[in-house]
Structures are given as structure tokens and as C-alpha cells.
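The following exercises are to be worked with the sequence and the three-dimensional structure at hand. Each task is followed by a solution in steps.

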Amino acid sequence: EAIPISFLEALSYGASIVSCQNPDDITEMFGKYIGKVSGEGHESIEKFVLAVKELMENRETLYNNRKNGREYVCSLLKL
């Protein structure tokens, strides 16, 4: 599966990714991968909440994700 365009768009704006998908390990590199979600996903809501909270509380990680994610997208576009 290809990397979703929404992931690349988010990274280009300096946003971290929180997802249950991890194509090419991009979520782990620039955010939080919560693991696979089965069914409707209600049992995973708390994992999403904790991942967002962890990113918001760790400014250094958030800053590094923003910087490195943007650089990653720029390298793909050869900017």
C-alpha cells in the first residue's frame, strides 16, 4: 500500500501523524503508531487519545517530528 496523500500533506505543514496505519514506517518516524484496529475501532479510542496527549506534552518530540517530517516531504519532492 502506498503512503496516503493526507500523511504527506500533514507532514508538509509540520503536523505529526497519529494513526493505526504505518505504511513504510512513516507513522512511527513522524508521530505515533497505535497498532492495528479491528472492527469499528471503539476499543482503540483511548490509544489515540493517549498518543495525541503524549505528543502534545513532549515538545521536543513534537518539534523533531515537525522538522523531520517536513524535510522528508521536501526530499521526496526534491525541494
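**Exercise 1. Determine how many helices and strands the chain has, and in which pattern they follow one another.**

Solution. In this predicted model, the chain contains four helices and two strands. Taken in sequence order, these elements give the pattern α-β-α-β-α-α.

**Exercise 2. Describe the burial, the surface and the charges of the chain.**

Solution. Of the 79 residues, 32% count as buried. The accessible surface amounts to about 5,600 Å², and carbon and sulfur atoms contribute 53% of this area. For the charges, the mean position of the 9 positive ones lies 7 Å from that of the 12 negative ones.

**Exercise 3. Identify the residues of the largest nonpolar core and the elements that give two or more residues to this core.**

Solution. The largest nonpolar core consists of seven residues: Ile3, Phe7, Leu11, Ile17, Ile26, Phe30 and Val73. Two or more of these residues come from each of helix 1 (5-12) and helix 2 (26-30). Isoleucine 26 may then be examined by its contacts. Beyond residues up to four places away in sequence, isoleucine 26 touches Ile3, Phe7, Leu8, Leu11 and Tyr72.

**Exercise 4. Decide whether serine 19 is buried or exposed, and list its contacts.**

Solution. Serine 19 is located in strand 1 (residues 17-19). The relative accessible area of serine 19 is 9%. The cut-off for a buried residue is under 20%, so serine 19 is classed as buried. When neighbours within four places in sequence are set aside, serine 19 is in contact with Phe7, Thr27, Lys32, Tyr33, Ile34 and Phe48.

**Exercise 5. Carry out the corresponding analysis for asparagine 65.**

Solution. Asparagine 65 belongs to helix 4 (residues 59-77). Its relative accessible area is 7%, and asparagine 65 is therefore buried. Apart from neighbours within four places in sequence, the contacts of asparagine 65 are with Ser16, Met29, Phe30, Gly31 and Leu55.

Notes. Residues numbered from 1 in each chain as written. Predicted model: local features only at pLDDT ≥ 70, side-chain atom pairs only at ≥ 80, totals over all residues. Heavy atoms only, no water. Buried < 20%, exposed > 50% of the residue type's maximum accessible area, 1.4 Å probe, protein only. Areas by Shrake-Rupley, 256 points an atom, 1.4 Å probe, with all protein chains shown as cover. Lys, Arg positive; Asp, Glu negative; His and termini not counted. Charge placed at Lys NZ, Arg CZ, Asp CG, Glu CD. Contact = heavy atoms within 4.5 Å. Core = buried A, V, L, I, M, F, W, Y, C linked by side-chain atoms within 4.5 Å.
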